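Thanks for coming. I will go through one structure today, starting with how its two chains meet. Please have the sequence and the model open.

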Amino acid sequence: MKFKAMTAIAALLLSVPAMSLADPDEDQLVLNGEMESVTETAAPAHLSDVLDTIYSGWRFRENETQALQMDDFDNPGMIFADLGLDQWNAVEGEEGKSCASCHDDVTESMKGVRAVYPKWNEAAGEVRTLAMQINDCRETNMQAEPYKYNSTQMTNMEALISVQSRGMPVNVAIDGPVQATWEAGKEMYYTRFGQLELSCANCHEDNYGNMIRADHLSQGQINGFPTYRLKNAKLNQTHDRFRGCIRDTRGHTFDVGSPEFVALELYVASRGNGLSVEGPSVRN
Amino acid sequence: MAEGVKPRVKAPSSAAAGEAVVLKTLISHQMESGQRKNADGTPIPRSIINRFTCEFNGKSVIDVKMEPAISTNPYFEFEAVIPEAGDLKFTWYDDDGDVYEDVKSVAIA
């Protein structure tokens, strides 16, 4: 009996690959058995000094969590995209319009949109996140109340729009008019915050693949946002995640939708240029 | 009707006679347990789905009594033997008296 147990333990040890347990695994993300997603690719040129390869956070998760994202029925985030579709078709505001009044079929009109945001808005002369653009549309074209930046409704709408770009590579522009904002975001990424004096880079660039308490540190890519997190059973926005990260450094954090977070979102999104859009993804 | 409730069902559109098929159901629902309190300290009233049933051509396949400890957006996966062509009827019963239904037809291949 004892011998048997020993053999079992030995077999277990042998089955563990030589690489560190926490490194990104070799699994490949195929959605619904048909749509292949890029979860690993060469780092964009602006990261050539610091990273060779970029990985989606999906690669750092357990098999069970990964499986949830591979099937739209099992993916709890898709519930919220469905709710977003109801909002898409709902007439609101004084103009008597819904999103569909101008943009028609979301599967056509919003294809590829998630992949290029945040981006420059020429008329407004500012960098806009998807949420800012949605609210501008509501206020200007629908004469409707804007959504609160990180409200459930806004997140649902973002999820719906993200779904239309799934599988397409993130392709955020970093030059031209957005360059100043991008530089500000980069500066922030490498700035240490809080009592613990941690920058984004300390964890997500220097230590991805290592453990942070009981969790695997990913590269902090945002190609999967909005993200369904098992810990709070709802969709989470990029800015809420940023806020959580800065809070964990024991620092004063910025507001969702603040210029600081817009700049940081642009920079972090550009670090994932080349990965597939996954939103709504499933993480722990 | 509680807010944001949407039933979803995944069932095959056809099956061989006598085949056991996998059925997956999920309903978005807050499943408020009644145990929590709001910021003022007053209890948040219980609001859950308390029963889920599935019938095939009027014959019961599964009948589940649900309790407050069940988490948000309850998901059920189970198997059913399909003896003949017919309709699968899924029903969820809300605490507030609402009943949500979904029907999927299964053909014999």
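Twelve residues of chain B touch 13 residues of chain A, where contact means heavy atoms within 4.5 Å. This is a predicted model, in which local features need pLDDT of at least 70 and side-chain atom pairs count only at pLDDT 80 or more, while totals for chains, interfaces and linings use all residues. Residues are numbered from 1 along each chain as its sequence is written, chains are lettered from A and ligands numbered from 1 in the order in which they are written, and side-chain values use heavy atoms, with hydrogens and water left out.

Between them, chain B and chain A bury about 1,000 Å², with 58% of it on carbon and sulfur atoms. Buried area is the accessible area, taken with a 1.4 Å probe, that two parts lose on being put together, summed over both. On the chain B side, the residues that lose the most area to chain A are K6(B), R8(B) and K10(B), together 51% of what that side buries.

Now the charges. Side chains of opposite charge can pair when their charged atoms come close. Four salt bridges are found across the interface of chain B and chain A; the rule asks for a side-chain nitrogen of Lys or Arg within 4 Å of a carboxyl oxygen of Asp or Glu. R8(B) forms a salt bridge with D82(A), at 3.5 Å from N to O.

Which strands of chain B supply at least two residues each to the side that touches chain A? They are β1 (6-10) and β3 (19-28). Strands here are DSSP runs of E with at least two residues, helices are runs of H or I with at least four, and both are numbered from the N terminus. By class, that side of chain B has three nonpolar, five polar and four charged residues. Ala, Val, Leu, Ile, Met, Phe, Trp, Tyr, Cys and Pro count as nonpolar, Asp, Glu, Lys and Arg as charged, and the others, Gly among them, as polar.

Next, the sheet behind those strands. In chain B, an open sheet of three strands has the order β1-β3-β6, with antiparallel pairing; two strands pair if DSSP finds at least two bridges between them. β1 and β6 (75-82) are the edge strands, each pairing on one side only. On average, neighbouring strands of this sheet are turned by 25 degrees against each other, direction ignored. β1(B) and β3(B) run antiparallel and are joined by five bridges, and K6(B) has S28(B) in β3(B) as its bridge partner. Helix α3 of chain A, residues 77-89, packs on this sheet and touches β1 and β3 of chain B, its direction making about 125 degrees with that of β1(B). Axes are lines fitted to C-alpha atoms, for helices over the stretch in contact, and angles run from 0 to 180 degrees between N-to-C directions.

As a whole, chain B has zero helices and eight strands. Its C-alpha trace spans about 60 × 20 × 20 Å along its principal axes.

Last, chain A by itself. D72(A) and R166(A) meet in a salt bridge at 2.9 Å, N to O. D72(A) lies in the loop between α2 (63-70) and α3, and R166(A) in the loop between α8 (152-163) and α9 (179-189), so the pair ties together parts that are 94 residues apart in sequence. Over all chains, the count comes to 22 salt bridges.
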